[in-house]
Amino acid sequence: MSTNEFSRSGLYRDTPPPPYESLQPVLNQPSPHRGTSSVTNTASPTFPVTCLPGLESLRGVDQLTIEKEPVDFCSCSCEPFYTYNVKNNLNQQLFSISPVNVGCASYDMQLFDSFGNPIVLFQRCLECCSSLRIEIIHTLGTIIGCVQREAGFFNTAFVVGDAHNQAIFKVKRTSFEFFSGNVDFGIKSAGGSVEVGKITRVWTGWMSAQHLYNITFPRDLVAEMKVALLGAWYMIEASYQASRRNHDS
C-alpha cells in the first residue's frame, strides 16, 4: 500500500499539517473537570484534523517515548504491576498507562491523560494464559482498533487493525539483541510494502532499572491510529514480560 493509498483511506490527511514547531508541545488536554462538555480545539484552528476527546495531544506528534516504572505487586495477580509514562520528543509527559481490572490470570491497561482522566482502555483477550489480542476502546465506548499477535516460526508479528478489524499495519521485529543492544520492530503497511515507522526497545544497560521504548510514525497519521500503535507497543512489552516470567520460573 503506497502513501497515497493511505491518504485515500483516511488514515493520513490530504491537507498537510502545519510545521510541528508552530504547535504547542502539549495540545488540548481536557480539563480535570471534564463534565459533559465537548473538548474545544483552540491551539491550532487551521489544523484540519479532529479526533476523539483526550487524544488532542497526539496531533502533530511523530515520536513518543515510553518509560516503565515498577508500581506494586498484588496477591490476586500472577504478574507484577508496572506503570508507564508516555512523553513527546520534548520530554513532556502526555499520558500515563497503568493496570486496571486486575484478576488472577490477567489485567487490562488504561491510558490516562495528564490530569488522571481515563482516556483509552487496552483490553486483553486471553487464550491459554497468553495474550493474543487486545481491543482498544475509548472511554466514550468507541472502539478505536485492535492488535492481533501472529506467531511465526522464527519471528512474531503484530497486526494493527482499525475499528472495523481491517488490517492497517503489521509490526515485526527487524533486529535481534545478542546480550545487549536495541531491538527494532518495523511498522509497515498491512501488505508489508511501505515502512511508516518503528518501535524500538532501547537498551539501557545491564544494571539499569530503566526501561525505554521509542515509537516513530508519520506526523499526519490520525490520532486514533497512533493510539492503536501504542497498543502494538503494549503487546510487545507484554510478550517480553511473559518470556521473562517463563525464564525465571
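What percentage of the 249 residues in the protein is buried? Buried residues make up 46%, where buried means under 20% relative accessible area, exposed means over 50%, and partly exposed lies in between (1.4 Å probe, protein chains only).

The model is predicted: local features need pLDDT of at least 70, side-chain atom pairs count only at pLDDT 80 or more, and totals for chains, interfaces and linings use all residues. Residues are numbered from 1 along each chain as its sequence is written, and side-chain values use heavy atoms, with hydrogens and water left out.

**Figure 1. Overview of the fold.**
The protein holds 2 helices and 12 strands. Both kinds of element are DSSP runs numbered from the N terminus: helices are H or I with at least four residues, strands are E with at least two. Along the sequence the pattern reads α-β-β-β-β-β-β-β-β-β-β-β-β-α. Take contacts (heavy atoms within 4.5 Å) between residues at least 6 apart in sequence: 43% of them join residues at least 24 apart. The protein exposes about 12400 Å², by the Shrake-Rupley method with a 1.4 Å probe; for residues, only the protein chains shown count as cover.

**Figure 2**
Strands pair here if DSSP finds at least two bridges between them. S2 and S3 run antiparallel and are joined by 4 bridges. Asparagine 85 has serine 96 in S3 as its bridge partner. The hairpin of S2 and S3 has 5 residues between the strands. In this hairpin, asparagine 91 takes a positive phi near 65°. S3 (residues 93-100) also runs antiparallel to S4, with 6 bridges between them. Phenylalanine 95 has aspartate 113 in S4 as its bridge partner.

**Figure 2. Burial of S3 and S4.**
Why is S3 largely enclosed by the rest of the structure? Because 7 of its 8 residues are buried. Strand S4 (residues 108-113) is mostly covered, with 6 of its 6 residues buried. In a regular strand the side chains alternate between the two faces of the sheet. Both faces of S4 are covered. One side carries Asp108, Gln110 and Phe112, all buried. The other carries Met109, Leu111 and Asp113, also buried.

**Figure 3. Aromatic pairs around tryptophan 233.**
Rings of Phe, Tyr and Trp (its six-membered ring) pair if their centres lie within 6.5 Å; planes under 30 degrees apart count as stacked, over 60 as edge-to-face and the rest as tilted. The count by this rule is 4 aromatic pairs. Tyrosine 84 and tryptophan 233 form an edge-to-face pair, at 4.9 Å centre to centre and 80° between the planes. This pair links distant parts of the chain: tyrosine 84 is in strand S2 (residues 82-87) and tryptophan 233 in helix H2 (residues 223-248), 149 residues apart. Tyrosine 84 is buried, at 5% relative accessible area. Tryptophan 233 is buried as well, at 0%. Tyrosine 213 and tryptophan 233 form another edge-to-face pair, at 6.1 Å centre to centre and 80° between the planes. Here tyrosine 213 is in strand S12 (residues 211-216), 20 residues from tryptophan 233 in H2. Tyrosine 213 and tryptophan 233 are both buried. Ring pairs link Tyr84, Phe122, Tyr213, Trp233 and Tyr234 into a cluster.

Glutamate 67 lies in strand S1 (residues 63-70). Is glutamate 67 buried or exposed? It counts as buried because its relative accessibility is 15%. Its side chain joins that of lysine 87 in a polar contact of 3.4 Å. A polar contact is a pair of N or O atoms within 3.5 Å; within protein, one must be able to donate a hydrogen and the other to accept it, and residues adjacent in sequence count only if both atoms are side-chain atoms. Lysine 68 lies over the face of tyrosine 82, at 4.5 Å from the ring centre. The rule for a charge over a ring asks for NZ of Lys or CZ of Arg within 6 Å of the ring centre and within 35 degrees of the ring normal.

**Figure 4. Glutamine 148 and arginine 133.**
Glutamine 148 sits in strand S7 (residues 143-151). It counts as partly exposed because its relative accessibility is 30%. Arginine 133 is 15 residues away in sequence, and 4.4 Å away in space, C-alpha to C-alpha. The two side chains make a polar contact at 3.3 Å. Leaving aside neighbours within four places in sequence, glutamine 148 is in contact with Leu132, Arg133, Ala157, Phe158 and Val159.
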